[in-house]
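Try each task before reading its solution.

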Amino acid sequence: MTQKDRKPGALVTGSSRGIGAAIARRLAELGYGVCINYVASEAAAHDQVRTIEAKGGRAVAVQGDVASFSDVEQMVRKTAEAFGGIRIVVNNAGFSEHATVEGTTIDAWNRAVAVNLSSAFYAVKAALPYLRSEPWGRIVNICSLRAMTGSDHGAHYATAKAGLIGLTKSLALELAPAITVNAVSPGYTRTDMTRDSLARHGEAILARIPAHRAAEPEEIAALVAFLASEDAAYITGETVNANGGIYMR
Ligand SMILES: NC(=O)c1ccc[n+]([C@@H]2O[C@H](COP(=O)([O-])OP(=O)(O)OC[C@H]3O[C@@H](n4cnc5c(N)ncnc54)[C@H](OP(=O)(O)O)[C@@H]3O)[C@@H](O)[C@H]2O)c1
């Protein structure tokens with residue numbers, strides 16, 4: 001990578017595994033210095049850093065729980081210090097768990113909303129001074145098909161992800177024109193999150209998807225990279241579905 005290709009920092013929350021890791025690798029290939037954030041998977045996060053560095057990219061691993069504003073502040077600070085600023089924030093960290101309303105405790109509800117929704121507000125609030133000091137900035141929120149369809153086995157997850165769409169539009173209005181804010185809404189994507197359900201019900205799930213397969217994390221990362229690029233300056237406040245057409249069924 002030449003000096004000319006070196007870009008400022010990109011914070012990708014939850015990037016030790018799955019979709020976040022693919023996004024971080026992609027942005028690193030484009031010249032961004034990426035923050036590999038993890039909450040528990042230290043070894044996986046360091047593996048991602050080594051993979052990126054082996055290809056000439058720049059990355060730092062930063063532990064932090066996105067449900068904690070002070071943790072998010074320190075991951076933002078470390079990213080900016082490591083790479084001389086932040087131009088891109090990808091709010092990707094999230095989790096889902098099967099639970100009915102009766103089976104969801106108040107703590108579980110609050111945790112799901114904190115990790116899947118409040119975290120995005122925290123990251124934007126903490127990173128905004130850095131984003132504003134760049135000529136242009138990009139925020140991409142990783143949403144879910146469940147935001148549109150709802151869920152009969154995870155109201156907390158579906159509700160938090162639906163909230164991300166409202167946050168995306170509100171931030172897009174407030175931060176235009178220099179900073180665009182969009183959401184990407186994946187359908188079934190082959191990661192640890194879907195491994196069990198695809199193993200147990202794969203045939204039935206794939207039969208409902210017009211593409212007849214789950215997405216690979218790299219396919220979601222390619223879309224995020226486009227929305228995070230200078231070329232996407234005229235797209236803001238959108239939620240882009242990448243679900244193999246399942247939403248039409
Ligand atoms: N896979 C799908 O089919 C699918 C579909 C729609 C939407 N999504 C969304 O896409 C995003 C990524 O999903 P994925 O499938 O890649 O999930 P995944 O394979 O389970 O990976 C989750 C990532 O988020 C991190 N994370 C979880 N909780 C965190 C917290 N409190 N603080 C910081 N990091 C945290 C994990 O860190 P550790 O490794 O340290 O645990 C890991 O890096 C999520 O927002 C998910 O809702 C996924």
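## Exercise 1: The ligand shell

Task: find which helices and strands each supply at least two residues of the shell around the ligand.

Solution. Step one is the list of elements: α1 (18-29), β2 (33-38) and α7 (192-208) each supply at least two residues of that shell. Helices (H or I, at least four residues) and strands (E, at least two) are DSSP runs, numbered from the N terminus. Before going on, note that this is a predicted model, in which local features need pLDDT of at least 70 and side-chain atom pairs count only at pLDDT 80 or more, while totals for chains, interfaces and linings use all residues. Residue numbers start from 1 along each chain as its sequence is written.

Step two is the count: the ligand is surrounded by 33 residues, the closest being Gly-14, Gly-18, Ser-41, Gly-94 and Thr-191. Here a residue is near a molecule or strand if its C-beta atom, placed from the backbone, lies within 6 Å of it.

Step three sorts the shell by class, giving 15 nonpolar, 15 polar and three charged residues. Ala, Val, Leu, Ile, Met, Phe, Trp, Tyr, Cys and Pro count as nonpolar, Asp, Glu, Lys and Arg as charged, and the others, Gly among them, as polar.

## Exercise 2: Helix α4 and its partners

Task: describe how α4 packs against α6 and against α3.

Solution. Two packed helices are described by the angle between their axes and the distance between the axes. Axes are lines fitted to C-alpha atoms, for helices over the stretch in contact, and angles run from 0 to 180 degrees between N-to-C directions.

Start with α6. Helix α4 (residues 106-132) and helix α6 (residues 155-175) pack at about 20 degrees, and their axes are 9 Å apart. That makes α4 roughly parallel to α6, given that angles under 35 degrees count as roughly parallel, over 145 as roughly antiparallel, 65 to 115 as roughly perpendicular and the rest as oblique. The crossing of α4 with α6 is right-handed; a crossing is left-handed if the near helix is turned anticlockwise from the far one by less than a right angle, and right-handed if clockwise.

Next, look at the residues that meet. On the α4 side they include Trp-109, Leu-117 and Phe-121, and on the α6 side Tyr-157, Lys-161 and Leu-164 are among them. By class, this contact of α4 with α6 has 13 nonpolar, three polar and one charged residues. Two residues are in contact if their C-beta atoms, placed from the backbone, lie within 7 Å.

Now turn to α3. The α3 and α4 axes are 9 Å apart, at an angle of about 35 degrees, and this crossing is right-handed. Phe-69, Val-72, Glu-73, Val-76 and Ala-80 of α3 meet a set in α4 that includes Ser-119, Tyr-122 and Tyr-130. The contact of α3 with α4 divides into nine nonpolar residues, one polar and one charged.

## Exercise 3: Buried or exposed?

Task: are Tyr-122, Val-90, Arg-77 and His-212 buried, partly exposed or exposed?

Solution. The rule comes first: a residue is buried if 20 or more other C-beta atoms lie within 10 Å of its own, exposed if 12 or fewer, and partly exposed in between, with C-beta atoms placed from the backbone.

- Tyr-122, in helix α4, counts as buried because it has 23 C-beta neighbours inside 10 Å. Leaving out residues up to four places away in sequence, Tyr-122 touches Val-66, Phe-69 and Val-72.
- Val-90, in strand β4 (residues 86-91), is buried, with 32 C-beta neighbours inside 10 Å. Its C-alpha is 9.3 Å from that of Gly-14, although Val-90 and Gly-14 are 76 residues apart in sequence.
- Arg-77, in helix α3 (residues 69-83), is partly exposed, with 15 other C-beta atoms within 10 Å.
- His-212, in the loop between α7 and α8 (217-227), is exposed, with 10 other C-beta atoms within 10 Å.

## Exercise 4: Backbone exceptions

Task: where is a cis peptide bond, and which residue other than glycine has a positive phi?

Solution. Recall that most residues other than glycine have a negative phi, and most peptide bonds are trans. The cis bond joins Ala-176 and Pro-177, with omega about 0 degrees. Pro-177 sits in the loop between α6 and β6 (179-186). The positive phi belongs to His-212, at a value near 60 degrees.
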